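Thanks for coming. I will take a few minutes to walk through one structure, so please have a look at it before I start.

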Amino acid sequence: IFPVDPNADFVTRMALGPHWACLCVFLIIASAAIIGVETQLEMTHVLSDQSGKLNHAIFRVLESVVLVWMVFEVLVNAYAQRWRFICGRDWLWNAFDVSVILLSLLMQVLQSASLSFLRVTKVAR
């Protein structure tokens, strides 16, 4: 299932092996569960008419951790697959992963940027 050249370096053997694939799948499922918990808490908070605001700090930290992991995963896979990352049979999945990462990075930048910063950027343009 996971053909790995025994003469390849450690990172390549790891990234093309079954343990890496299982770890990546586990982290994707964990990320989806975190999103589900956050959504459930937000909806419960909104529907209960609580006047205070729900603290999302832990979820922002977890989102950043997952994003760092995704960047690391793509870099390791790109190193292990080399040209197959772009031209191989899974190139569409790889392009999807890179797109998700870029959109996530953009969303985090926009969430952390203040409106005054954006106005200054517009004036500078």
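**Salt bridges, helices and a surface patch**

Glu63 and Arg60 are 3 residues apart in helix H3, so about one helical turn separates them. Before I go on, a note on the source: this is a predicted model, in which local features need pLDDT of at least 70, side-chain atom pairs count only at pLDDT 80 or more, and totals for chains, interfaces and linings use all residues. Residues are numbered from 1 along each chain as its sequence is written, and side-chain values use heavy atoms, with hydrogens and water left out.

Back to that pair. The side chains of Glu63 and Arg60 form a salt bridge, at 3.1 Å from N to O. By salt bridge I mean a side-chain nitrogen of Lys or Arg within 4 Å of a carboxyl oxygen of Asp or Glu. Arg60 has another partner, Glu38, and there the closest N and O atoms are 2.9 Å apart.

Glu38 is buried, at 16%. The cut-offs are these: buried is under 20% relative accessible area, exposed is over 50%, and partly exposed is in between, with a 1.4 Å probe and protein chains only. Through shared partners in the salt bridges of Glu63 and Arg60, Glu38, Arg60 and Glu63 are joined into one network.

Now the overall layout. The protein has 6 helices and 0 strands, and its pattern along the sequence is α-α-α-α-α-α. Helices (H or I, at least four residues) and strands (E, at least two) are DSSP runs, numbered from the N terminus. Of the 125 residues in the protein, 18% are buried.

How do H2 and H3 sit relative to each other? The axes of helix H2, residues 18–47, and H3 come within 11 Å and cross at roughly 155°. That makes H2 roughly antiparallel to H3. For the angle classes, under 35 degrees is roughly parallel, over 145 roughly antiparallel, 65 to 115 roughly perpendicular, and the rest oblique. Axes here are lines fitted to C-alpha atoms, for helices over the stretch in contact, and angles run from 0 to 180 degrees between N-to-C directions.

Next, Arg82. The whole structure has 3 salt bridges, and one of them pairs Arg82 with Asp9, with the closest N and O atoms 3.8 Å apart. Arg82 lies in the loop between H3 and helix H4 (84–87), and Asp9 in the segment before helix H1 (10–15), so the pair ties together parts that are 73 residues apart in sequence. Asp9 is partly exposed at 29% relative accessibility, and Arg82 is partly exposed at 43%. The backbone of Arg82 also deserves a mention: its phi is near 50°, a positive value in a residue other than glycine. Most residues other than glycine have a negative phi.

Last, the surface. Which residues make the nonpolar surface patch? They are Val71, Leu75, Val98, Leu102 and Leu105, and the patch covers about 400 Å². Patches are made of residues with over 30% relative accessible area and no salt bridge, where like charges are joined within 9 Å and nonpolar side chains (Val, Leu, Ile, Met, Phe, Trp, Tyr) within 5 Å. Helix H3 (57–81) and helix H5 (91–112) each supply at least two of the patch residues. H5 gives the largest share, 3 residues. Val71 is in helix H3, and counts as partly exposed at 31% relative accessibility.

That is the end of my walk-through.

Key. Areas by Shrake-Rupley, 256 points an atom, 1.4 Å probe, with all protein chains shown as cover.
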